[in-house]
Structure formats: C-alpha cells, structure tokens
Amino acid sequence: MNPQLSVMTLIRGGVFTRADARACGYPDPDIDSLLDTGGWRRIRPGTYAAHRALAPVNEAMLHLRRVYHVLRYGEPGLAASHQSAAALHALPLWGLDLGQVHVTARDGRPGRHAGGVHRHVRDPVGPGVQLWNKLRMTSPARAVAEVAASSELAPAVVLAEAALYAGLVTPSSLKRAASQLVQGVERAHQVFAMAGVESASVAESRLRLILAEAELPVPASSPPPGCELEVANCALWFPDERTVVEFEPHEPFWCEEFDDYLEEAAARVFGAPPPGEPTAPEPLEYCWISWADLDEPALVVDRVRAAFARASRRTGVRVFDPNRPRRKRAGDWTGRRGAGGELALPSDHDLPC
C-alpha cells in the first residue's frame with residue numbers, strides 16, 4: 001500500500017474505497033488482482049481493507065479525520081495548510097502540534113476558531129495549492145515551508161528532511177516556497193539550511209541535528225566498512241574518530257523509489273572502493289543511542305564524545321585543541337624582587353604542575 005492510500009485508510013478508520021485507490025494511483029486491474037490474491041479484502045461492496053492491517057487510533061489518525069471532515073463538509077474554498085497539509089502528504093508529524101486543524105482561506109477572521117480550526121487568511125491564497133481526491137491542500141514544498149516558519153526547529157528539520165528523502169521536494173523548491181511566505185521567511189530559510197538529504201528516519205534526523213548543534217564532527221556519507229546493508233541504515237560512521245554511532249531507526253521515512261536506494265546502498269557497502277581511494281580503517285569504538293535517549297541531547301553528546309575519547313586512547317593519537325589553557329613551564333618563571341630588594345622564591349602556585 002502506497003503512502004497516499006495509507007493516509008486515506010487512516011482517514012476512513014482502517015478501510016478505503018475503490019475511488020480512494022484509484023485517486024492514489026491504483027488502476028482497476030491492480031485493484032482486482034489484490035482482491036483476488038488476498039492482499040486486500042472486501043468489507044462491503046466498494047469498500048476494502050488491507051489484509052491484517054492494523055490502523056491504530058492515535059493523534060495523527062484523529063487529526064487526519066478532522067482535516068478530512070473540515071475540507072469535505074466545511075465552507076467551500078478552504079485549503080489544508082501547515083502540518084495538516086503535511087499529514088495529507090503522508091509526511092511524519094513528530095513533534096508538531098496536532099491539536100488544531102490548519103486551513104488557509106481568502107477571507108475571514110484569522111486565528112483559532114471554535115471547533116479546533118486554525119484559520120490562516122491570505123488574499124490571494126497564493127501559489128502552491130493543489131487538489132487531490134477532492135481535497136484542497138498546499139503543495140509539499142509550501143506545507144514544509146509553512147511549518148518551518150511557525151514550528152520549533154527540530155520538528156521542522158525532521159519534516160524537511162523527510163520530504164527531501166521522499167522526493168516530494170527539492171532544495172530549490174523549498175527555497176522558492178520559503179521566499180513566497182508572508183511571515184517567517186528568514187526562519188524557514190534557516191531551517192532549510194540545516195536540513196540535509198542523508199537522514200532516512202526521524203531518529204536519524206534528530207541525532208544528526210543534535211550532533212550538529214554540539215559542533216561535533218560531521219559523519220561520513222558512506223556506511224561503516226564491512227557492515228551489513230541493514231546496519232548501514234541505522235549507523236553513523238566517523239572515520240577520523242574510528243567510531244560508529246548506532247541508533248534505533250525509529251519512524252523511517254517513506255520513499256517510492258526504494259529499489260534505486262537499495263542498489264546504491266549495496267554498491268557502497270559491497271562494491272570495491274573507488275580507484276586511488278585508500279581502504280577505510282576498521283572501527284575501534286561503538287556507541288548506541290536509543291530513541292528515548294534523543295530526548296536528552298546532553299546525554300547523547302556525552303556518549304558520543306566518550307566514544308571518541310576511547311578510540312583516541314586506543315590509537316594513541318590525541319587531538320590537539322588550540323584553545324586549551326596552557327600550563328607554565330619551569331623556564332617561564334623569572335625571579336621577582338621583594339619590597340626590600342631581596343629575591344623572592346617561587347610559591348607553590350607559581351611552580352609548574
């Protein structure tokens with residue numbers, strides 16, 4: 001089941017219609033084949049469910065159902081925007097406030113209204129509004145830009161990296177969408193400058209952001225030497241520090257081109273090194289970061305630094321810090337004359353350690 005149909009399944013409480021499947025890209029022969037083979041099962045005429053599918057009733061599901069109700073049965077001309085549009089695009093909603101349905105309209109009173117709807121007024125509504133399955137919503141680039149301009153840094157960076165990974169946006173389309181905002185343009189550009197294309201899950205995006213804010217070394221784009229393909233998707237490799245930081249790949253991003261990514265990843269892991277490039281040294285230290293650990297950035301930074309220090313001790317190579325305080329050497333002390341002209345001996349404080 002592709003991500004768009006997963007969204008419709010959540011909206012309808014675990015089921016979907018044939019019209020939903022068609023709107024999400026499934027032709028009738030594929031629908032009939034999935035029904036005949038048991039991949040999908042009929043609930044009632046024209047309504048289906050995925051085989052053994054579990055649709056948990058969580059905050060994201062309730063938010064999607066409220067968005068659908070507002071767009072289908074509310075006043076005409078409304079378009080889902082901000083995190084509500086991101087939810088319809090099947091993007092991760094980690095860390096975002098889902099208590100209000102965000103819509104954009106040409107008129108009305110802006111702000112929060114009764115019924116849990118946050119109305120954004122913009123006349124004209126602006127570019128980047130599209131129609132999908134009779135639902136009006138802002139485009140992925142505009143939705144990500146709106147969230148980047150109005151939400152906290154970490155959830156905004158996660159959302160931007162998920163959209164980049166899924167191929168829904170490009171760096172240029174994000175910058176263009178940010179420049180077309182009414183408010184928060186600088187904030188959105190700041191978020192997009194920090195968002196990369198390497199992360200493949202919410203956990204990895206959060207971990208990379210924590211390490212970047214602590215000004216720790218940037219991990220290599222290649223996986224650790226000799227690791228299996230599954231491990232490469234949940235590990236960061238620091239070749240200079242000879243350290244691998246493993247993490248729990250919580251909430252992986254979706255992408256419709258997994259086959260291409262698998263081929264590229266397999267070539268990196270199992271292929272021969274490029275000519276002229278020396279073989280990467282084997283890791284010396286490993287560090288494990290769980291999903292719960294990411295709620296304490298200071299703990300994560302301390303663990304990674306401790307792993308770097310252990311690897312440094314094992315190699316015997318110490319990294320020189322030019323900003324460290326210098327200690328006095330024995331030759332740096334010069335005698336001083338006292339009040340009566342006598343030569344003062346050095347005190348314990350003056351002697352080098």
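1. Accessible areas here come from the Shrake-Rupley method with a 1.4 Å probe. On that basis the chain of this predicted model exposes about 19900 Å², of which carbon and sulfur atoms supply 52%. Of the 353 residues in the chain, 44% are buried.

2. Confidence deserves a remark before the details. The pLDDT averages 84 over the chain, and 79% of the residues score at least 70. Over residues 258–266, however, the pLDDT is below 50, and this stretch has 8 contacts in the model beyond near neighbours in sequence.

3. As to the overall fold, the secondary structure comes to 13 helices and 14 strands. Among the contacts in the chain with a separation of 6 or more, 59% are accounted for by residues 24 or more positions apart.

4. The largest nonpolar core has 88 residues, and Trp40, Leu88 and Phe192 are those with the most contacts inside it. Helix 7 gives the most to this core, with 11 residues. In general terms, nonpolar side chains tend to be buried together in soluble globular proteins. For Leu88, leaving aside residues up to four places away in sequence, the residues touched are Val7, Ile11, Leu64, Val67, Leu71, Ala80, Trp132, Leu135 and Met137.

5. Just after helix 7, Gly167 takes a positive phi of about 80 degrees.

6. The structure holds 13 salt bridges. One of them joins the side chains of Arg18 and Asp32, at 2.9 Å from N to O. This pair links distant parts of the chain, with Arg18 in helix 2 (residues 18–23) and Asp32 in helix 3 (residues 28–37), 14 residues apart. Arg18 counts as buried because its relative accessible area is 17%, under the 20% limit, whereas Asp32, at 31% relative accessibility, counts as partly exposed.

7. A salt bridge is also formed by the side chains of Arg106 and Asp123, at 3.1 Å from N to O. Here the link runs between loops: Arg106 lies in the loop between strand 5 (101–105) and strand 6 (111–113), and Asp123 in the loop between strand 7 (117–121) and strand 8 (129–132), 17 residues apart. Both Arg106 and Asp123 are exposed. Pro124 is found in the loop between strand 7 and strand 8.

8. The side chains of Glu285 and Arg310 meet in a further salt bridge, at 3.0 Å from N to O. Glu285 lies in strand 12 (residues 285–289) and Arg310 in helix 13 (residues 297–315), so the pair ties together parts that are 25 residues apart in sequence. Glu285 counts as buried at 11% relative accessibility, while Arg310 counts as partly exposed at 30%. Elsewhere, salt bridges that share partners join Arg18, Arg22, Asp28 and Asp32 into one network.

9. Two residues call for a look at their backbone angles, given that most residues other than glycine have a negative phi. His82, which is not a glycine, has a positive phi of about 55 degrees. His82 lies in helix 5 (residues 82–88) and is buried, with a relative accessible area of 8%. Glu215 likewise has a positive phi, near 60 degrees. Glu215 is found in the loop between helix 10 (202–213) and helix 11 (229–232) and is exposed, with a relative accessible area of 72%.

10. Finally, Gln130 lies in strand 8 and is partly exposed, with a relative accessible area of 33%. Not counting residues up to four places away in sequence, Gln130 touches His89, Leu135, Arg136, Met137, Ser139 and Pro140. Gln130 and Ala80 are 50 residues apart in sequence, and their C-alpha atoms are 9.9 Å apart in space.

Definitions and conventions: Residues are numbered from 1 along each chain as its sequence is written. Side-chain values use heavy atoms; hydrogens and water are left out. Helices (H or I, at least four residues) and strands (E, at least two) are DSSP runs, numbered from the N terminus. A nonpolar core is a set of buried Ala, Val, Leu, Ile, Met, Phe, Trp, Tyr and Cys residues joined through side-chain atoms within 4.5 Å. Buried means under 20% relative accessible area, exposed over 50%, partly exposed in between (1.4 Å probe, protein chains only). Contact means heavy atoms within 4.5 Å. A salt bridge is a side-chain nitrogen of Lys or Arg within 4 Å of a carboxyl oxygen of Asp or Glu. pLDDT is the predictor's confidence in each residue, from 0 to 100.
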